[in-house]
Amino acid sequence: MYDYDKLVTHFITSGYYFQGSEIYGGISNTWDYGPLGSEIKKNIKDMWWKRFVQESPTNVGIDAAILMNPKVWEATGHVSTFNDPLIDCKSCKMRYKADDLISSQFPNVEAGKMSNDELMDLIHKSHVKCPNCGKEDFTDIRQFNMMFKTHIGVTEDSQSAVYLRPETAQGMFVNFKNVLRTTRRKLPIGICNVGKAFRNEITPGQLTFRTREFDQMEMEFFTKPGDDLKWFDYWKGKCLDFIGELGISKDKLRYRDHDPKELAFYSKATTDIEYLFPWGWGEIWGIADRTDYDLKRHMDYSGESLEYLDPDTNEKYIPYCIEPSVGLDRLVLMTLFDAYSEEELPDGDSRIVMHLSPAVAPYKVAVLPLSKKLEEKAKEVHAVLSKYMSAVYDDTGSIGKRYRREDAIGTPYCVTIDFDSIEDNTVTVRDRDSMNQIRLNINELVEYLKVKIFF
Ligand code: GAP
């Protein structure tokens, strides 16, 4: 496994990531995607949409707004659970609201009015115990204020306070009826959405693994209660297949089932797909059976019925929901870490090569004229290729150096234009991984490459 810092330096110097607002000294844990990063991110997003929306007989997509009626977040519990002074038992990992924990053992103390320092002091002095395991070993109190709050309108009064969504999922739940009505579909149906989510994370870090602003690709798959576990297994498999298509090493992937203690109280089953990063296993994709929890909560808070009437059986029920939720930024990061390699070459030289699958690689092909005199022909070829795929043009340095540069950013094919190209309209096509070269007619180039990069 390669050193974390070395890889991060490579990704930043190549133009996958830039530090956010760098010329102002940056802003902590904020990253911009550079020319290479934005291409790979878009490719993965497009692949996800193709597999989970376009090719799916059951699914459709929406593009929900980031700002939602604040009642949404009351219904989901985010307003209360994202705003508490929370404390964890280090021994059994149970999490409590610090003021509730004190009040449950010292009912006469008005813990709700205390500052976090006062609460912590009291927990230590009064030997407050964990109700679950009886130990006195707690973390510090952390104010979980994970939703970003902002205001709609010109005045900053509480009437117009809104939140930046902490997940995209709720856009699908609140539009459940709209989607059924406008698509005239029956259950099961999956509603998919890609977009930004925001969380005021306590411990952001490891490049884009945990940031405060990130992209989620989520699906809420609604089904008849009783069919839910069958679909849970189905989507678990599809999510892993998708990661396989990104070309990720199988031995660095695993399913991790949540044990009953870890499960959210409304969830029947949850599995994470994890990847082995240089710092250890990290969650990439969470697949959860959320039962009818979300629809029920929205029914309670909105007063609208979100029941489903089965047109075939006339049965009325609240559907269950399977939710595969993945962070796009984590998929990109995993793909980059997995692709990096340092290799010795037969001639004693060495190279850095990003073994990115052609479907996700930022540039599919580089056009390299062997001489400046070949510029006109090379630019012609580049212009044709650019109509079909992202192609880069490079005419600086020796051809060996240019190959190394393209290997290091993961360009799967290099097309070299030489003086024969002028005579017979042929070019050399070099394969990044094998470094083998073939000669092709320029007229065949687009079709040859399209087959290789198609997903
Ligand atoms: N709707 C369910 C939900 O949001 P989650 O496990 O909190 O579940 C789903 O998030 C996925 O979003 C995670 O598996 C991860 O890939 C990504 N994610 C969550 N928090 C993130 C963060 N702070 N930075 C980057 N990605 C994040």
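Contact is taken here to mean heavy atoms within 4.5 Å. The structure is a predicted model, in which local features need pLDDT of at least 70 and side-chain atom pairs count only at pLDDT 80 or more, whereas totals for chains, interfaces and linings use all residues. Residues are numbered from 1 along each chain as its sequence is written, and side-chain values use heavy atoms, with hydrogens and water left out.

Glu274 is located in strand 12, residues 269-277 (strands are DSSP runs of E of at least two residues, numbered from the N terminus). With residues up to four places away in sequence not counted, Glu274 touches Lys252, Leu253, Arg254, Arg256, Trp281, Gly282, Glu283 and Ile284. The side chain of Glu274 forms a polar contact of 2.7 Å with that of Arg254 and one of 2.9 Å with that of Arg256 (a polar contact is a pair of N or O atoms within 3.5 Å; within protein, one must be able to donate a hydrogen and the other to accept it, and residues adjacent in sequence count only if both atoms are side-chain atoms).

Around the ligand there are 19 residues, of which Glu167, Arg199, Glu201, Glu218 and Glu283 come nearest (a residue is near a molecule if one of its heavy atoms lies within 4 Å of it). Strand 10 (213-223), strand 13 (280-289) and strand 16 (320-327) each supply at least two residues of this shell, and strand 16 provides the largest share, four residues. A polar side-chain atom of Glu201 lies 2.7 Å from a nitrogen atom of the ligand. A polar backbone atom of Phe209 is 3.4 Å from a ligand nitrogen atom.
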